[in-house]
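Grab the structure and a pencil, and work through these exercises one at a time. Try each task before you read its solution.

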Amino acid sequence: MTENVTIYIPTYNAEKTISFSIEALLKQTLVPNQIIVINDCSTDDTLKNIILYKDKIEIINNKINKGLGYCRNLGIKLAKN
């Protein structure tokens with residue numbers, strides 16, 4: 001049985017943890033069909049770390065910081081599953 005799973009990760013200044021989070025998702029027994037990472041205008045190297053996974057995830061890069069609530073709602077809106 002195939003299950004469709006979408007995971008979204010809203011992130012802001014998470015350069016120290018975002019790679020670990022993405023790697024953990026990619027190593028799951030049931031790998032999500034869709035992984036969306038929403039970078040909320042981070043001022044550190046979060047975006048550089050996310051871009052390393054561009055072939056495996058969808059990246060949304062907010063041009064201005066819009067807050068956690070906005071990013072969560074955007075993730076739900078973009079989820080296909």
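**Exercise 1.** Find how many bridges join strand 2 to strand 3, and which way the two run.

Solution. Start with residues 34-39, which form strand 2. Four bridges tie it to strand 3, and the two run parallel. Strands here are DSSP runs (E, at least two residues; helices are H or I, at least four), numbered from the N terminus, and two strands pair if DSSP finds at least two bridges between them. Now pick out Val37: it sits opposite Ile59 in strand 3.

A word on the source: this is a predicted model, where local features need pLDDT of at least 70, side-chain atom pairs count only at pLDDT 80 or more, and totals for chains, interfaces and linings use all residues. Residues are numbered from 1 along each chain as its sequence is written, and side-chain values use heavy atoms, leaving out hydrogens and water.

**Exercise 2.** Work out the strand order of the open sheet, and why one side of strand 1 and of strand 3 lacks a neighbour.

Solution. The three strands go 1-2-3, with parallel pairing. Strand 1 (6-11) and strand 3 (58-61) are at the edges with a single partner strand each, so one side of each has no neighbour in the sheet.

**Exercise 3.** Asn13 and Cys41: where does each one sit?

Solution. Take Asn13, in the loop between strand 1 and helix 1. Its phi is positive, near 50°. Cys41 lies in the loop between strand 2 and helix 2 (46-51), with a positive phi of about 65°. Most residues other than glycine have a negative phi.
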